[in-house]
Number of protein chains: 2
Amino acid sequence: MKILDRFDKQDLRRSIDTGTEEQRQAVVDIIQQVREAGDQALFRLTEKFDGARLSQLEVTRQEFEQAYREVDQQVIDSLRAAIENIRRFHEHQQRSSWMITEEDGTVLGQLIRPLDRVGAYVPGGTAAYPSSVLMTVIPAQVAGVEEIVITTPPSAEGKVSAGVLVAAGLLGIDKVYKVGGAQAIAALAYGTETIPAVDKIVGPGNIYVALAKREVFGITGIDMLAGPSDILVLADEEQDPVHVAADLLSQAEHDPLACAVCVTPSRRLAEAVQKEVIRQLDTLPRADIARASVEKQGAIYLTRDLEEAVEVVNTIAPEHLQVMVKEPYALLGKIKHAGAIFLGAYSSEPLGDYFAGPNHVLPTNGTARFSSPLSVDDFIKKSSLIHYSAEGFRRDGQHVIRLAEYEGLAAHVRAIDYRLEREEERDV
Amino acid sequence: MKILDRFDKQDLRRSIDTGTEEQRQAVVDIIQQVREAGDQALFRLTEKFDGARLSQLEVTRQEFEQAYREVDQQVIDSLRAAIENIRRFHEHQQRSSWMITEEDGTVLGQLIRPLDRVGAYVPGGTAAYPSSVLMTVIPAQVAGVEEIVITTPPSAEGKVSAGVLVAAGLLGIDKVYKVGGAQAIAALAYGTETIPAVDKIVGPGNIYVALAKREVFGITGIDMLAGPSDILVLADEEQDPVHVAADLLSQAEHDPLACAVCVTPSRRLAEAVQKEVIRQLDTLPRADIARASVEKQGAIYLTRDLEEAVEVVNTIAPEHLQVMVKEPYALLGKIKHAGAIFLGAYSSEPLGDYFAGPNHVLPTNGTARFSSPLSVDDFIKKSSLIHYSAEGFRRDGQHVIRLAEYEGLAAHVRAIDYRLEREEERDV
């Protein structure tokens with residue numbers, strides 16, 4: 001992991017990988033197949049990409065029961081505790097409809113309504129990510145979404161992770177479909193014989209999943225385009241390099257393209273972290289992935305002072321930001337862009353991945369400049385409410401006529417005019 | 001305008017036009033040109049598509065001053081009054097950061113921050129839409145966005161609408177660029193010598209604008225993909241067919257592809273509206289557009305009762321919904337999907353286009369199922385806040401270790417483990 005004490009901050013700016021034209025063509029082709037052949041295309045594509053020959057797409061009751069037997073009771077207990085924390089946090093995000101009433105009888109407002117039906121994409125295959133189930137399903141439930149389905153790719157044996165099924169079961173979700181990749185997104189957007197079309201698709205996935213989400217955007221809602229994970233640890237000299245290195249590696253082990261960065265004004269800490277990363281890599285099970293990540297994507301940026309360190313943070317707009325300094329709250333007002341901010345020496349990023357309560361589906365690759373953590377907001381939509389009284393109408397009608405006339409829209413003018421005439425008749 | 005008393009509700013479901021592969025290729029090509037040649041590409045493309053040979057992209061101070069002389073003072077007064085209403089309504093959408101504090105010292109929260117820089121696309125050319133300036137800029141200002149720029153296509157003479165400039169001027173926006181279409185979206189996403197790259201692009205446009213927004217989605221934020229406008233007037237027998245017809249035509253005159261629909265359980269009203277539409281079309285300046293719209297896209301659906309009429313509403317998920325019935329509030333709880341809901345006989349849709357206060361940038365083509373009116377929410381982003389105390393860490397650490405172990409992420413486990421060990425040392 002290189003230490004850089006001279007660097008152009010503007011070079012640190014990242015943005016989402018939007019794939020190659022070949023990848024996009026592959027995705028467009030998969031979507032077309034699913035639209036044309038429905039379930040049959042899903043069976044075919046699942047055999048091709050996951051190596052699984054399925055006889056049905058939907059996970060059975062027996063598979064759910066088997067899953068509960070496979071997962072350790074302690075893990076189930078921890079999932080239950082996590083659910084409670086995540087639910088409690090997301091309940092704070094609930095919003096109410098509101099209205100403004102005017103004396104003349106006019107009413108304006110904003111209605112908040114849950115989406116009808118949502119699809120959560122849970123990555124899978126060899127790995128098992130029950131935490132992704134919790135993070136995508138709970139905010140939808142808190143929002144009041146009535147129908148939630150999950151798609152997740154099966155293993156070559158046609159199985160889906162027991163942990164994923166247990167997490168779904170604990171949340172009362174019984175519609176889980178064994179399909180992943182772009183074909184899962186296509187099925188959720190357009191519907192097949194088995195899988196219902198949903199109003200919004202959420203959850204992280206690989207580049208094909210991201211490209212498919214972009215393709216169906218507008219047909220259905222999507223949460224965001226997610227890329228490989230990233231972390232930025234902003235640390236001062238007082239911090240323990242063992243902890244800093246461990247936190248960096250916790251993101252690096254996700255993906256060779258994951259980006260783990262340390263920013264510090266302390267050369268002593270920079271060098272200690274550099275050594276410690278090497279030491280910890282030695283014994284890490286996923287060392288190959290983590291090493292590729294820290295060597296290619298990672299860096300330790302040595303800044304003049306904390307002020308410049310914060311500038312680096314705001315340029316990178318990290319997905320995860322750890323602020324490990326003596327007075328972390330003093331920096332909070334300066335930090336403008338970050339998906340999740342972890343303050344202080346104990347707030348290690350994995351706490352947020354699993355347990356603290358806030359969502360772990362976060363904007364990656366600098367998109368925290370304009371995107372937000374997945375939240376209850378993603379599962380509601382708003383409607384404006386406009387109710388004019390006769391009196392309000394008389395007061396405002398003339399303004400509307402003037403502006404519509406200026407824009408050259410005569411039918412707009414008439415819609416007001418005809419009503420004003422009627423009002424005048426009444427006045428007579 | 002046909003009256004249909006038998007129809008399959010599912011056939012009414014619409015979705016956004018995502019264009020043809022040729023259109024997409026044209027857009028990808030334009031974006032590439034702008035990325036490579038910057039301003040030079042913009043000059044070239046503006047000459048090609050708008051017929052304007054520009055010497056500079058940015059609107060000058062002189063052009064602003066000239067615009068104020070061109071626009072009637074009464075129109076300016078109405079714009080000012082509209083600004084006040086729109087601002088007041090959007091101020092109700094402001095949200096605060098919040099935090100939860102626990103007794104052990106742990107703090108969780110959600111920070112709300114404005115975006116840094118936003119680009120508003122304002123359609124133009126022959127038409128002038130100052131109202132689009134108000135609707136895209138005001139919510140950004142209320143959110144606290146510091147830098148707002150506008151792009152709008154010039155006429156063949158190289159001019160932009162005086163009304164657009166006056167509206168911008170009244171809002172204190174002085175960066176207006178003469179560029180439209182996909183090239184404007186490319187410039188806002190990637191930046192050129194003159195036009196800064198922005199964090200989010202908002203505002204309606206034609207199919208090329210929509211496709212370009214989809215292409216740059218992820219590089220920058222976008223609000224939504226907008227299609228041609230639509231309106232659904234739900235009316236009972238008591239309503240004045242003159243008003244219903246006028247409201248339908250007010251959307252129909254926008255675009256031959258605009259969709260104006262009346263839904264009613266009253267055959268008498270249906271027939272009266274049908275006649276009245278023909279009568280009003282006779283004398284309408286934009287009759288060709290409006291006639292194409294009502295004949296091809298429009299319809300009057302005759303339903304069994306109001307209940308079935310509401311089902312039609314929820315299937316279509318209209319952009320604009322007028323509820324012209326005796327007791328409109330009694331239906332409000334049943335209406336699930338609509339961009340803006342206008343209640344009662346006086347709430348004619350054009351009031352919402354210009355003046356009432358709520359935004360007129362609304363989800364079209366059935367996307368109200370999952371999308372919302374443009375709002376202050378579009379101009380902020382959230383960051384989660386996680387601050388564990390030592391005590392909170394000791395309580396939760398073991399859960400995190402179990403869940404990370406289950407997911408096979410050893411570096412995640414270690415990040416917690418190393419800190420717990422340190423804690424144990426201290427306890428000794």
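Me: How many residue pairs are in polar contact between domain 2 of chain A and domain 3 of chain A?

Reply: This is a predicted model, in which local features need pLDDT of at least 70 and side-chain atom pairs count only at pLDDT 80 or more, while totals for chains, interfaces and linings use all residues. Residues are numbered from 1 along each chain as its sequence is written, chains are lettered from A and ligands numbered from 1 in the order in which they are written, and side-chain values use heavy atoms, without hydrogens and water. A polar contact is a pair of N or O atoms within 3.5 Å; within protein, one must be able to donate a hydrogen and the other to accept it, and residues adjacent in sequence count only if both atoms are side-chain atoms. With both residues at pLDDT 80 or more, the count of pairs is 3.

Me: Which residues of domain 2 of chain A lose the most area to domain 3 of chain A?

Reply: An automatic or database assignment gives the domain bounds, with domain 2 of chain A at 21-222 and domain 3 at 389-427. The two bury about 280 Å² between them, 30% of it from carbon and sulfur atoms; buried area is the accessible area (1.4 Å probe) that two parts lose on being put together, summed over both. Together giving 94% of what the side of domain 2 buries, the residues are Glu102(A), Asp104(A) and Thr106(A).

Me: Which residue meets Glu102(A) in a salt bridge?

Reply: A salt bridge is a side-chain nitrogen of Lys or Arg within 4 Å of a carboxyl oxygen of Asp or Glu. The rule finds 2 salt bridges across the interface of domain 2 and domain 3 of chain A. At 3.8 Å, N to O, the side chain that meets Glu102(A) is that of Arg395(A).

Me: What area do chain B and chain A bury between them?

Reply: Contact, meaning heavy atoms within 4.5 Å, takes in 131 residues from chain B and 132 residues from chain A. Carbon and sulfur atoms carry 58% of the buried area, whose total is about 11700 Å².

Me: Which helix gives the largest share of the side of chain B that touches chain A?

Reply: The interface of chain B and chain A holds 14 salt bridges, and Arg419(A) meets Asp247(B) in a salt bridge at 2.6 Å, N to O. Helices (H or I, at least four residues) and strands (E, at least two) are DSSP runs, numbered from the N terminus. Residues 410-427 of chain B form the helix in question, which supplies 11 residues: H16.

Me: Which residue is the bridge partner of Phe342(A) in S14(B)?

Reply: Two strands pair if DSSP finds at least two bridges between them. Strand S13 (residues 340-343) of chain A and strand S14 (residues 380-387) of chain B run parallel and are joined by 3 bridges. In S14(B), the partner of Phe342(A) is Ile386(B).
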